[in-house]
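This briefing describes one protein chain, beginning with a single residue and its surroundings. The overall layout and other local features follow.

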Amino acid sequence: GDNSTLKANNTLKANETDDDSWWKQAVIYQLYPRSFFDNSGDGNGDLKGISSKLDYFGDLEVSALLLNPIGYDVEDYTSIDALLG
């Protein structure tokens, strides 16, 4: 047993509410990063472009952003396409 996993699970349970279906009332904004906002000037939207507009999403009372695939590979699913920053 990994003790840190046990602690994380206990913390999660302690913080859960009776209504853990927040997403049912949430405003979820889906976007395609490469066409949303180009911060670097190369003609492709990028992650810095998205992060530069976080106040805009806050003004819209967006609860979560759902990004379309951002260039990961099945062999390295943690990497991000270099075009996106």
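Lys53 is partly exposed, at a relative accessible area of 30%; partly exposed lies between buried (under 20%) and exposed (over 50%), calculated with a 1.4 Å probe on protein chains only. The model is predicted, so local features need pLDDT of at least 70 and side-chain atom pairs count only at pLDDT 80 or more, whereas totals for chains, interfaces and linings use all residues. Residues are numbered from 1 along each chain as its sequence is written, and side-chain values use heavy atoms, with hydrogens and water left out.

- Lys53 is found in the loop between α3 and α4; helices (H or I, at least four residues) and strands (E, at least two) are DSSP runs, numbered from the N terminus.
- Leaving aside neighbours within four places in sequence, Lys53 is in contact (heavy atoms within 4.5 Å) with Phe36 and Phe37.
- Lys53 and Phe36 are 17 residues apart along the chain, and 9.8 Å separates their C-alpha atoms.

**Overall layout**

- The protein chain contains 4 helices and 2 strands, arranged along the sequence as α-β-α-α-α-β.
- Of the 85 residues in the protein chain, 15% are buried.
- Taking contacts between residues at least 6 apart in sequence, 48% join residues at least 24 apart.
- The protein chain exposes about 6,700 Å², of which carbon and sulfur atoms supply 50%; accessible areas come from the Shrake-Rupley method with a 1.4 Å probe, and for residues only the protein chains shown count as cover.

**Aromatic pairs and cluster**

- Rings of Phe, Tyr and Trp (its six-membered ring) pair if their centres lie within 6.5 Å; planes under 30 degrees apart count as stacked, over 60 as edge-to-face and the rest as tilted.
- By this rule the count is 3 aromatic pairs.
- Phe36 and Phe57 form a stacked pair, with 5.6 Å from centre to centre and 25 degrees between the planes.
- That pair links distant parts of the chain, since Phe36 is in helix α2 and Phe57 in helix α4, 21 residues apart.
- Phe36 is partly exposed at 23% relative accessibility, whereas Phe57 is buried at 3%.
- One aromatic cluster is formed by Tyr29, Phe36, Tyr56 and Phe57.

**Asn44**

- Asn44 sits in the loop between α2 (33-36) and α3 (47-51), and is buried with a relative accessible area of 16%.
- The side chains of Asn44 and Arg34 make a polar contact at 3.4 Å; such a contact is a pair of N or O atoms within 3.5 Å, where within protein one must be able to donate a hydrogen and the other to accept it, and residues adjacent in sequence count only if both atoms are side-chain atoms.
- Not counting residues up to four places away in sequence, Asn44 touches Arg34, Asp38 and Leu83.

**Glu61**

- Glu61 lies in the loop between α4 (54-59) and β2 (64-67) and is exposed, at 63% relative accessibility.
- Most residues other than glycine have a negative phi.
- Phi of Glu61 is positive, near 60 degrees.

**Ile28**

- Ile28 is in strand β1 (residues 28-31) and is partly exposed, at 44% relative accessibility.
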